[in-house]
Amino acid sequence: MRSALRRLSADPFAQAIAVLATLGAAGFVMLGLAWRGAARTTFVPLQSPWVLSGGVAGLAVVGMSLGAWSIHTARRDDAEHRADMEDLVRAAAELAEDVRTGRRPLPRR
């Protein structure tokens, strides 16, 4: 269990996802605090600072963290795809070289 946790904490992808999840949770906390502050105030003009500072900023933090999460995941997926394509091209080049030099004959039909 500890070795799996250490391996997971050493992974840069897992670290970034943990930071972004924490940031998203902080944005939701900001939204909750803004709602609570605005709900306690009965005079509407005094609710505006709560809504503007906590609500809009909370939405911005949640949106930024989800956007960064999406970008980070897409970049990791693209890197895996690029590595797979490089392996495929390398294997095809080796096969072509083997056929060219005669080490591997073409299959007969």
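**Overall form and helix packing of the predicted chain**

In this predicted model, the chain exposes about 8700 Å², of which carbon and sulfur atoms supply 66%. Buried residues make up 14% of the 109 residues in the chain. The charged side chains comprise 14 positive and 10 negative groups, and the centres of these two sets are separated by 7 Å.

The secondary structure consists of three helices and zero strands, and the order along the sequence is accordingly written as the pattern α-α-α. The radius of gyration of the chain is 26 Å, which is well over the 13 Å given by the globule rule for 109 residues, so the chain is more spread out than a compact globule. Taken along the principal axes, the box filled by the C-alpha atoms has dimensions of roughly 85 × 35 × 20 Å. Among the contacts in the chain with a separation of 6 or more, 62% are accounted for by residues 24 or more positions apart.

Helix H3 covers residues 48-101 and contains 54 residues, with a reach of 77 Å from its first C-alpha to its last, close to the 80 Å expected at 1.5 Å a residue. The buried positions of H3 are Gly54, Gly55, Gly58, Val62, Ser65 and Asp98, and the packing partner of the buried residues of this helix is helix H2, which spans residues 12-40.

On the side of H2, Gly37 is a residue of that helix, and Gly37 counts as buried because its relative accessible area is 2%, under the 20% limit. Gly37 and Pro49 are 12 residues apart in sequence, and the distance between their C-alpha atoms is 9.3 Å.

Towards the other end of H3, Asp98 lies within the helix and is classed as buried because its relative accessibility, at 16%, is likewise under the limit of 20%. When neighbours within four places in sequence are left aside, the contacts of Asp98 are with Arg103 and Arg104. Helix H3 is itself followed by Gly102, a residue whose phi is positive, with a value near 90°.

Conventions:
Residues are numbered from 1 along each chain as its sequence is written. This is a predicted model: local features need pLDDT of at least 70, side-chain atom pairs count only at pLDDT 80 or more; totals for chains, interfaces and linings use all residues. Side-chain values use heavy atoms; hydrogens and water are left out. Helices (H or I, at least four residues) and strands (E, at least two) are DSSP runs, numbered from the N terminus. Buried means under 20% relative accessible area, exposed over 50%, partly exposed in between (1.4 Å probe, protein chains only). Contact means heavy atoms within 4.5 Å. The expected span of a helix is 1.5 Å times one less than its number of residues. The radius of gyration is taken over C-alpha atoms; the globule rule is 2.2 Å times the number of residues to the power 0.38. Accessible areas come from the Shrake-Rupley method with a 1.4 Å probe; for residues, only the protein chains shown count as cover. Lys and Arg count as positive and Asp and Glu as negative; His and the chain ends are not counted. The place of a charge is taken as NZ of Lys, CZ of Arg, CG of Asp or CD of Glu.
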